[in-house]
Amino acid sequence: MNLSIDPSIHQNAHFENVFIAEEDLEERVWINCEFLRCNFHGSDLSGNNFIECNFTDCDFSQTTIKGTGFREVVFSNCKINDVNFSVCNPFIFSFSFDQCVLDRANFVETNLNKTIFKNCSLIGTNFEQADLTEATFENCDLHGAVFFDSILEKTDFRTAHNFNIDPASNRLKQSKFSGSNLTGLLQRYKLDIEFDQ
């Protein structure tokens with residue numbers, strides 16, 4: 001299927017096994033669409049709007065999404081490496097991620113209020129100055145993820161692992177942690193913490 005010659009507005013459509021890699025698909029609207037095993041790797045989706053869409057088993061890595069809007073979009077088991085979400089349309093910006101690889105993604109200065117990250121790899125992902133109020137990191141790997149001047153109030157880190165968050169450089173009021181992962185808050189102090197066996 002060649003989406004480059006299709007209409008600019010797609011509604012209630014199903015796309016399966018579509019290879020869209022490195023295509024230019026700017027300024028399109030997708031409403032209530034399903035994408036299954038589609039390859040967007042390296043595509044330019046700038047100015048697109050995805051409304052209530054689902055992406056399953058898709059490769060979204062290195063996709064350009066300048067000015068792109070996402071409203072109530074669900075990513076499941078997708079590769080989303082090296083994607084810069086900080087240049088998206090901030091007024092159409094809500095999604096959830098389940099079993100996704102978001103390594104080295106950029107969420108600098110974004111509003112991720114109540115966003116759910118479930119069973120995700122977020123290695124090296126940048127959350128500087130992001131608003132993660134009431135967000136959830138359920139069983140997520142945050143190794144090397146950057147939190148600086150971030151709003152982490154009521155954020156749920158209870159099952160997250162490998163994070164390094166400096167309480168002095170972030171807002172952590174009522175954040176949720178488990179006793180087993182508190183070391184991620186204390187690394188800057190270089191403490192020798194032992195746990196009872």
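Colleague: What percentage of the 197 residues in the protein chain do buried residues make up?

Modeller: The structure is a predicted model. A residue counts as buried when its relative accessible area is under 20%. Of the 197 residues in the protein chain, the share that is buried comes to 47%.

Colleague: Which pattern does the protein chain follow when read along the sequence?

Modeller: The protein chain holds one helix and 10 strands. Read along the sequence, these elements give the pattern β-β-β-β-β-β-β-β-β-β-α.

Colleague: What radius of gyration does the protein chain have, beside that of a compact globule with 197 residues?

Modeller: The C-alpha trace spans about 60 × 30 × 25 Å along its principal axes. A compact globule of 197 residues would have a radius of gyration near 16 Å, and the value for the protein chain agrees with this: 18 Å.

Colleague: Among contacts between residues at least 6 apart in sequence, what percentage join residues at least 24 apart?

Modeller: Contact here means heavy atoms within 4.5 Å. Of the contacts between residues at least 6 apart in sequence, those that join residues at least 24 apart make up 3%.

Colleague: How far apart do the centres of the positive and negative side chains lie?

Modeller: The protein chain has 15 positive side chains and 29 negative ones.

Colleague: Is N170 buried or exposed?

Modeller: N170 lies in the loop between β10 (136-138) and α1 (183-186). Beyond its neighbours within four places in sequence, N170 is in contact with F147, F148, D149, S150, L152 and I165. The relative accessible area of N170 is 8%. Because the cut-off is under 20%, N170 is classed as buried.

Colleague: Which backbone nitrogen lies 3.0 Å from a polar atom of the side chain of N170?

Modeller: The side chain of N170 has a polar atom 3.3 Å from the backbone nitrogen of D149. At 3.0 Å from a polar atom of this side chain lies the backbone nitrogen of S150.

Colleague: Where is S96 found, and which residues is it in contact with, leaving aside its neighbours within four places in sequence?

Modeller: S96 is partly exposed, with a relative accessible area of 23%. S96 and L112 are 16 residues apart in sequence, and their C-alpha atoms are 9.7 Å apart in space. S96 belongs to strand β8 (residues 93-98), and its contacts beyond four places in sequence are V73, V74, F75 and I116.

Colleague: What value is phi of N32 near?

Modeller: N32 has its place in the loop between β3 (29-31) and β4 (34-36). At 38% relative accessibility, N32 is partly exposed. Its phi is positive although the residue is other than glycine, and the value is near 55°.

Colleague: Is E109 buried or exposed?

Modeller: E109 is placed in the loop between β8 and β9 (116-118). Phi of E109 is also positive in a residue other than glycine, near 60°. With a relative accessible area of 57%, and a cut-off of over 50%, E109 is exposed.

Colleague: Which residues does G184 touch, not counting residues up to four places away in sequence?

Modeller: G184 is in helix α1 and is buried, at 4% relative accessibility. G184 and D166 are 18 residues apart in sequence and 8.3 Å apart from C-alpha to C-alpha. Not counting residues up to four places away, G184 touches F163, N164 and I165.

Technical notes:
Residues numbered from 1 in each chain as written. Predicted model: local features only at pLDDT ≥ 70, side-chain atom pairs only at ≥ 80, totals over all residues. Heavy atoms only, no water. Helix = DSSP H or I, 4+ residues; strand = E, 2+ residues; numbered from the N terminus. Rg over C-alpha atoms; globule rule 2.2 N^0.38 Å. Buried < 20%, exposed > 50% of the residue type's maximum accessible area, 1.4 Å probe, protein only. Lys, Arg positive; Asp, Glu negative; His and termini not counted. Charge placed at Lys NZ, Arg CZ, Asp CG, Glu CD. Polar contact = N/O pair within 3.5 Å; in protein donor to acceptor, adjacent residues only side chain to side chain.
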